[in-house]
Amino acid sequence: MTTTETRALRAECLSASWLAERFAVDPARIEAMRRAGELIAMREPGSTTWLYPAWQLDGREPKRVIVRIVAAARESGLDDARLYEVLTGPLGMRGERRLVDLIAEGRDDEVVAAVRSARPR
């Protein structure tokens, strides 16, 4: 992960403790949600702390498509870092849009299909 990518990760992600407070649950519940595929999380290089992208949230809960995205990633053999890379990397040659933009537009099936067709590193 480049320095620019690390800065972007920090800028768009939230800590487990922040999410726990936002969802009004114990931080252990956030970890359980991550392990169950209900939340997407990334680790900053060299860190043991999980960071959760804010774009996956819909108010006080994860967007419904997140479970499908994580399931597709797991079926395709993508690890957390690769899934994050696929979702936040540029679409096409011009690089102006990302899959997370399609999530915001409600184009869930397209995002799931793209994740399913992605290859592990």
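Leaving aside neighbours within four places in sequence, with which residues is Arg82 in contact? Select Arg82 and display its surroundings: the residues in contact are Arg119, Pro120 and Arg121, where contact means heavy atoms within 4.5 Å. Arg82 lies in helix 5. Arg82 is buried, with a relative accessible area of 19%; buried means under 20% relative accessible area, exposed over 50%, and partly exposed in between, with a 1.4 Å probe and protein chains only.

**Before going further**

This is a predicted model, in which local features need pLDDT of at least 70, side-chain atom pairs count only at pLDDT 80 or more, and totals for chains, interfaces and linings use all residues. Residues are numbered from 1 along each chain as its sequence is written, and side-chain values use heavy atoms, with hydrogens and water left out. Helices (H or I, at least four residues) and strands (E, at least two) are DSSP runs, numbered from the N terminus.

**Colour by confidence**

Colour the model by pLDDT, the predictor's confidence in each residue, from 0 to 100. The average for the protein is 91, and 95% of the residues score at least 70. Among the elements, helix 4 has the highest mean pLDDT (98), and helix 1 (residues 3–12) the lowest (73). Where pLDDT is low, the predicted coordinates should not be read in detail.

**Helix 4**

Select helix 4, residues 65–76. Its twelve residues reach 17 Å from the first C-alpha to the last, close to the 16 Å expected at 1.5 Å a residue; the expected span is 1.5 Å times one less than the number of residues. Show the side chains of Val65, Ile66, Ile69, Val70, Ala72, Ala73 and Ser76, which are buried in helix 4. They lie on the same side of helix 4, because they cover an arc of only 160° around the axis; the arc is that of the directions from the helix axis to the C-beta atoms. The buried residues of helix 4 pack against helix 5, helix 6 and helix 7. Step past the end of helix 4 to Gly77, whose phi is positive, near 80°.

**The largest nonpolar core**

A nonpolar core is a set of buried Ala, Val, Leu, Ile, Met, Phe, Trp, Tyr and Cys residues joined through side-chain atoms within 4.5 Å. The largest has 25 residues, of which Ile40, Ile69, Leu83, Leu87, Ile103, Val111 and Val115 touch the most other members. Helix 4, helix 5 (80–88), helix 6 (99–104) and helix 7 (108–117) each supply at least two residues of this core. Helix 4 gives the most, with six residues.

Centre the view on Ile69. Not counting residues up to four places away in sequence, Ile69 touches Ile40, Leu83, Leu87, Ile103, Val111, Val112 and Val115. A second, separate core has eleven residues, including Leu19, Ala20, Phe23 and Ala41.

**Helix 7**

Turn to helix 7, where Val111, Val112 and Val115 are buried. Seen down the axis of helix 7, its buried residues fall within an arc of 95°, so they line one face of the helix. They pack against helix 4, helix 5 and helix 6.

Next, select the three strands of the open sheet, whose order is 1-3-2 with antiparallel pairing. Two strands pair if DSSP finds at least two bridges between them. Strand 1 (13–15) and strand 2 (42–43) are the edge strands, each pairing on one side only.

- Strand 1 and strand 3 pair in the antiparallel sense over three bridges; the bridge partner of Ser15 in strand 3 is Leu51.
- Strand 2 and strand 3 (residues 50–53) run antiparallel and are joined by two bridges; the bridge partner of Arg43 in strand 3 is Trp50.
- In the hairpin of strand 2 and strand 3, six residues stand between the strands, and Gly46 takes a positive phi near 80°.

Show the side chains of strand 3: Trp50 and Tyr52 point one way, Leu51 and Pro53 the other way, and all are buried.

**A last stop at Val25**

Finally, select Val25, in the loop between helix 2 (16–23) and helix 3 (27–35). Val25 is partly exposed, with a relative accessible area of 30%. Leaving aside neighbours within four places in sequence, Val25 is in contact with Ala20 and Ile30. Val25 and Ser15 are ten residues apart in sequence and 14 Å apart in space, C-alpha to C-alpha.
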